[in-house]
Amino acid sequence: MRFLKWLTGVVSYLLYSLAVLAFMLWYQFPAEVAKNRLEFELNRLTPDLQREIGRVGLGLPADFLLTDIKLAARRQPKKSLVRIESLSLRPNLPAYLQARKLSAGYRLTLLGGRVSGHLSLSADHNSLQYDGKANGIKINGLEQILQGLDRTIAGILSGSFTGKAVLDGPG
């Protein structure tokens, strides 16, 4: 009986400590540092595009949130090609704990629609596999991108996709 009381006290103290740690990490999240680093890395990967991220933060239960993302051509930074209202990344922690596989789910809100799916980094960290579904994206919001095609396109995009991207360096 005495051992059970001691064990309950230890487990309670550990749970309390983890809760305080999680709260402090949440409260003290370095949003500005994460935003600057993310913008730098993304601009380095594709130098022809310039990105501006409005806000970086954390969401429940374990989401990494980016809001008000603007993509522009480097040669015309004032003209936004597309604006992403929000991007949410949720790491797949069970897959990482079981097989040491880095993967995440994502949700994107843009042009009045939504894109959601799954990302997964290969074991050698040199390629990224992705899949997803797009629903209700208004194509006429892509006017700046479509100008170079000399075509008029209208409608709503919905569908599913899969792909694989080769990364320059380690993911």
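These notebook entries record what I looked up in a predicted model.

**Basis.** I number residues from 1 along each chain as its sequence is written, and I take side-chain values from heavy atoms, with hydrogens and water left out. As the model is predicted, local features need pLDDT of at least 70 and side-chain atom pairs count only at pLDDT 80 or more, while totals for chains, interfaces and linings use all residues.

**Entry 1: the sheet.** I looked up the strand order and found an open sheet of seven strands, E1-E2-E3-E4-E5-E6-E7, with antiparallel pairing. Strands (E, at least two residues) and helices (H or I, at least four) are DSSP runs numbered from the N terminus; two strands pair if DSSP finds at least two bridges between them. The edge strands, each pairing on one side only, are E1 and E7 (156-166). From one strand to the next the twist averages 20°. I then noted that helix H2 (residues 31-45) packs on the sheet, where H2 touches E1 and E2, and that its direction makes about 145° with that of E1. For such angles, axes are lines fitted to C-alpha atoms, for helices over the stretch in contact, and values run from 0 to 180 degrees between N-to-C directions.

**Entry 2: strand pairs.** I found ten bridges between E1 and E2, with a hairpin of three residues joining the two strands. Glu-52 has Lys-70 in E2 as its bridge partner. Between E2 and E3 I found eight bridges, and Phe-64 is partnered by Leu-89 in E3. E4 and E5 (residues 113-121) also pair over eight bridges; there, Thr-109 is partnered by Arg-114 in E5.

**Entry 3: the core.** I looked up the largest nonpolar core, which has 15 residues. Such a core is a set of buried Ala, Val, Leu, Ile, Met, Phe, Trp, Tyr and Cys residues joined through side-chain atoms within 4.5 Å. Among the members touching the most others are Leu-66, Leu-87 and Leu-108. Leaving aside residues up to four places away in sequence, I found Leu-108 in contact (heavy atoms within 4.5 Å) with Ile-84, Ser-86, Leu-87, Gly-113, Arg-114 and Val-115.

**Entry 4: Asp-63.** I found side-chain polar contacts from Asp-63 to Ser-88 at 3.1 Å and to Arg-90 at 2.6 Å. A polar contact is a pair of N or O atoms within 3.5 Å; within protein, one must be able to donate a hydrogen and the other to accept it, and residues adjacent in sequence count only if both atoms are side-chain atoms.

Methods: Buried < 20%, exposed > 50% of the residue type's maximum accessible area, 1.4 Å probe, protein only.
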